[in-house]
Amino acid sequence: MYHDSDRSKMFTRRAAMLAGGKTALFGALVARMYYLQVIEADKYEMAARDNRISMRLLAPPRGLILDRNGVAMAVNQHNYQVRVIAEQAPSLDYTLDALSQIITLTDHDRARIHKEAKRRRSFVPITVRENLSWEEVARIEVNAPDLPGVLIEVGQSRFYPLESLGAHILGYVAAVSEADMTGDPLEELPGFRIGKAGVERIYDLAMRGQAGASSVEVNAVGRVINELERKEGEPGVDLALTLDIRLQEYAAQRLGEESASVVVMDIHTGDLLVMASTPSFDPNAFNRGLTHDEWKELSTNPRSPLQNKAISGTFAPGSTFKLVVALAALEAGVITPDQTVLCKGHMELGPIKFHCWKKGGHGSVDLHNAIKGSCDVYFYEIARRVGIDKIAEVANRFGLGTPTGVDLPNERPGLVPNRAWKRKSLKQPWHPGETLINGIGQGYCLTTPLQLAVMTARLANGGFQVVPHVARDLIVEKSASARPEPAWPSCGVSQKNLALVRKGMFAVSNEPGGTAFRARIEQDGMWLSGKTGTAQVRRITLREREQGVKKNEELPWKERDHALFVAYAPEEKPRYAIAVVVEHGGGGSAVAAPIARDIMIEVQKRERARAAAPTQGGAG
């Protein structure tokens, strides 16, 4: 009886303890549920909403690029893309294998996708292929149930309707590489393109625009069910260029298949109306992606189609450099316009002979006739008198041997040597004979076609340091404003001396015996003043001189002289400067000058037509 009573009490205590434990546990559960569902309700409602609703950035339309007359040079067009979200796919390789049964995927595509998957977060879509056809889109959509993580997007891609015309100025856009990352969220978007060359690169931030946002409802596996809200991005700045695309087209046609460049600029404002470099390339190929064979063809072409020769091609300026040598000598007072130098076909300095291009010599020549006939001996002598340092100083003031400041990437500075440069760069002293050679634009001297155009513009505009540009508006970061009226600083030279040099340039093109007389403009009011140049790229031996110097057409292309010509027009009231360089083209007077003449006629015709247009409209 006693034992039964003890067992009953023990059972009662245990039952009470168990009931108490259950009550405490239930109370804790109720308290926790109350905490989660009442006190923390807003927090978890927000979390649930975040799981259900996904916010996505939308790439804004890239700003357009237009020429000075509003002709579209770079636009945007629809681009159907297939993308994959790695975290939603069974495995990336499985999905790519399945896709490769529907559309073409190369080994390069697969390598790129895997590389992007490693550096991007797993929920960020990766572009598999772009520019899909309707047929390819339809095949993917039909097989969508068997392609988890795969989606079709309609984006925008850059399109250059004029193809190779103006390609070196425009540049191109391409996918963002790791080295390009700046922290801008737009750069994380699949398929987003940034400027890689030309104005697309220089003004990339302004043309990107502001990102939009899309609020979408997704299911448990992340697939989009519904778009709840959408705010489109703000388009980037439309970039208006100073180029006249019709003049650009004419210049490119006039250069033809030559490896050449031409620059035309307004000598007062710095507007670049023409900057042609041939051969060219189609920037659309970079947007869609170059094949290995396409890249090899472009990169190994000896005529360098990818190079903008106007700013990156460096050439000995040849006799065009004589203009600044003459100005330097006048400024230094080592010559007067009437002083003469006897040209017998060569000049001796110690045991070395320095030859004139004219074998029999020019006879006794003054400044005017030396520029007109491009007498080498005259310029050997005045270069010797003035010295290389003074020549370099004046050349720099007129835009040679230093970047022009044009708003394009990869401009090369060229080189105008002096004594200090040689000591620093070559660890050698300067020799007197080097002054003579560089005095006719040979030797170490290197310039770009744009620099030659700037030099000519500064000679023609009264000695003001005009700076060239291709953007019509002034663009700072992401905003554009009207470019202010220029107030260029002076080159600090005498107007009288400038007039003497320009008079010689007029004789080159308009007086019988001038080296460009056959390429003159005969229409009244359009006359140009210029200077020819022929730059040797090989050494002519004494034996060859004795036996007869080979003509350019008898030489391999790479050994032929460069042909150059610089000019301004119209003579009465200068407005435009031009520089033409034909790589391995031969003589400047025979090859480059006629090209410049034809282009300058077109430039002035279009200017006259623009000036007459308002009057004609009013009369109508």
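H584 counts as buried, at 7% relative accessibility. This residue also has a positive phi of about 55°, although it is not a glycine. The model is predicted.

- H584 sits in the loop between β21 and α22, the latter spanning residues 588-619.
- E163 is not a glycine either, yet has a positive phi of about 50°.
- The loop that holds E163 runs between β5 and α6, where α6 covers residues 167-170.
- E163 has a relative accessible area of 47% and is therefore partly exposed, whereas H584 is buried at 7%.

**Cis peptide bonds**

- T278 and P279 are joined by a cis peptide bond with an omega of about -5°.
- P279 is placed in the loop between β12 (272-278) and α10 (284-288).
- A cis peptide bond also joins A569 and P570, and its omega is about -10°.
- P570 belongs to the loop between β20 (562-569) and β21 (576-582).

- R158 is part of strand β5, which covers residues 150-159.
- Its relative accessibility is 3%, so R158 counts as buried, the cut-off for buried being under 20%.
- The R158 side chain makes a polar contact with the side chain of E200 at 2.8 Å.
- A polar contact at 3.0 Å links the side chain of R158 to that of N76.
- Leaving aside neighbours within four places in sequence, R158 is in contact with residues including R62, G63, L64 and I65.
- A74, V75 and N76 are also among the contacts of R158, as are V173, E200 and M207.
- N284 and N287 are likewise in contact with R158.

**S299 in helix α11**

- S299 lies in helix α11, made up of residues 292-300.
- With a relative accessible area of 39%, S299 is partly exposed, because that class lies between the 20% and 50% cut-offs.
- The side chain of S299 reaches the backbone oxygen of W295 at 2.8 Å.
- A polar atom of the S299 side chain also lies 3.4 Å from the backbone oxygen of K296.
- S299 and P185 are 114 residues apart along the chain, and their C-alpha atoms are separated by 33 Å.

Note on methods:
Residues numbered from 1 in each chain as written. Predicted model: local features only at pLDDT ≥ 70, side-chain atom pairs only at ≥ 80, totals over all residues. Heavy atoms only, no water. Helix = DSSP H or I, 4+ residues; strand = E, 2+ residues; numbered from the N terminus. Buried < 20%, exposed > 50% of the residue type's maximum accessible area, 1.4 Å probe, protein only. Polar contact = N/O pair within 3.5 Å; in protein donor to acceptor, adjacent residues only side chain to side chain. Contact = heavy atoms within 4.5 Å.
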